[in-house]
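Student: I have just opened this entry and would like a guided look at it. Could we go through it step by step?
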Amino acid sequence: MSTSLDLSKLSLMDALDLAILIEEEARGRYELFASLIGRTATGYNAGAFFASMAENEAKHGTELLERRMARFGKVPMKVKMMDIYDIEAPDSGAPRKGMSTVQAFELGLQSEKKAHDFFNSALPGISDPEVKELFAELRDEELEHIDMLKEAMAKLPESASVETENDPDDAPYL
């Protein structure tokens, strides 16, 4: 989880751009996982979970982009995808064929916690009040996401913890 940016010097526009890119990176990673793992013909599995997480990340990114456009119009982004890495995106080597739905949920929880920790740890170094407010809001949203995942996870059937293939030598996809 890292960024090459000096977070203490971010403008509100740059902070929104950073948040948009964080969501975009996570969306892309979840879409990749969903395509690698696939979905079962019936029921909910790890691939379906990853697809739903990609949709959630895309929705949040779109909301942030709309906010940015309303405030700053079409001013080009200064923050670039290369300025961030793994702030919210799940670990690229984490998915594997046959992983259980519960394991996929645990990966999602780790990613949401990672994003929460990023925004929380950045707050003390932020001096711009609007950026500080945005980062606090984003941190709190990550807590909401964590709670939603925990609630959904608690409702999973017992079968959701069963791996479809239990091969310990099965290498990760990435």
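Tutor: Let us begin with a definition: helices (H or I, at least four residues) and strands (E, at least two) are DSSP runs, numbered from the N terminus. This is a predicted model, in which local features need pLDDT of at least 70, side-chain atom pairs count only at pLDDT 80 or more, and totals for chains, interfaces and linings use all residues. Residues are numbered from 1 along each chain as its sequence is written, and side-chain values use heavy atoms, with hydrogens and water left out.

Student: Where does D14 lie?
Tutor: D14 is part of helix α1.

Student: Is D14 buried or exposed?
Tutor: D14 has a relative accessible area of 10%, so it is buried. The classes are buried for under 20% relative accessible area, exposed for over 50%, and partly exposed in between (1.4 Å probe, protein chains only).

Student: Which residues is D14 in contact with, leaving aside its neighbours within four places in sequence?
Tutor: They are K78 and V79; contact here means heavy atoms within 4.5 Å.

Student: What does D14 form with K78?
Tutor: D14 and K78 form a salt bridge, with their closest N and O atoms 3.9 Å apart. The pair links distant parts of the chain, since D14 is in helix α1 (residues 12–37) and K78 is in the loop between α2 and β2 (84–85), 64 residues apart. A salt bridge is a side-chain nitrogen of Lys or Arg within 4 Å of a carboxyl oxygen of Asp or Glu. K78 counts as exposed, because its relative accessibility is 58%.

Student: And M77, where does that lie?
Tutor: M77 is also placed in the loop between α2 and β2. Its relative accessibility of 26% makes M77 partly exposed. Not counting residues up to four places away in sequence, M77 touches D17, I20, L21 and R68. The C-alpha atoms of M77 and D17 are separated by 6.5 Å, although the two are 60 residues apart along the chain. For D14 and M77, 63 residues apart along the chain, the C-alpha separation is 7.2 Å.

Student: Back to salt bridges: how many does the structure hold?
Tutor: There are nine salt bridges in the structure. One of them joins the side chains of R27 and E24 (2.3 Å, N to O). R27 and E24 are three residues apart in helix α1, and therefore separated by about one helical turn. R27 counts as buried at 18% relative accessibility, whereas E24 counts as partly exposed at 34%. Salt bridges with shared partners join E24, R27 and E31 into one network.

Student: Why would residues three places apart in a helix point the same way?
Tutor: An α-helix has 3.6 residues a turn, so residues three or four places apart point the same way.

Student: Switching to α2, what span should its 27 residues have?
Tutor: Helix α2 (residues 46–72) should span 39 Å at 1.5 Å a residue, and its end C-alpha atoms are 38 Å apart, which agrees. The expected span is 1.5 Å times one less than the number of residues in the helix.

Student: What happens just after α2?
Tutor: G73 takes a positive phi of about 65° there.

Student: Which residues touch the most other members of the largest nonpolar core?
Tutor: L18, F118 and F135 do, in a core of 23 residues. The elements giving two or more residues to this core are α1, α3 (101–122) and α4 (129–154), and α1 gives the most, with eight residues. A nonpolar core is a set of buried Ala, Val, Leu, Ile, Met, Phe, Trp, Tyr and Cys residues joined through side-chain atoms within 4.5 Å. A second, separate core of 22 residues includes A46, F105, I146 and A160.

Student: How many aromatic pairs are found in the whole structure?
Tutor: The search finds seven aromatic pairs. In one of them, the ring centres of F119 and F135 are 5.1 Å apart and their planes are at 80°, so the pair is edge-to-face. Rings of Phe, Tyr and Trp (its six-membered ring) pair if their centres lie within 6.5 Å; planes under 30 degrees apart count as stacked, over 60 as edge-to-face and the rest as tilted. Both F119 and F135 are buried.

Student: Which residues form one aromatic cluster?
Tutor: Y30, F33, F49, F50 and F105 form that cluster.
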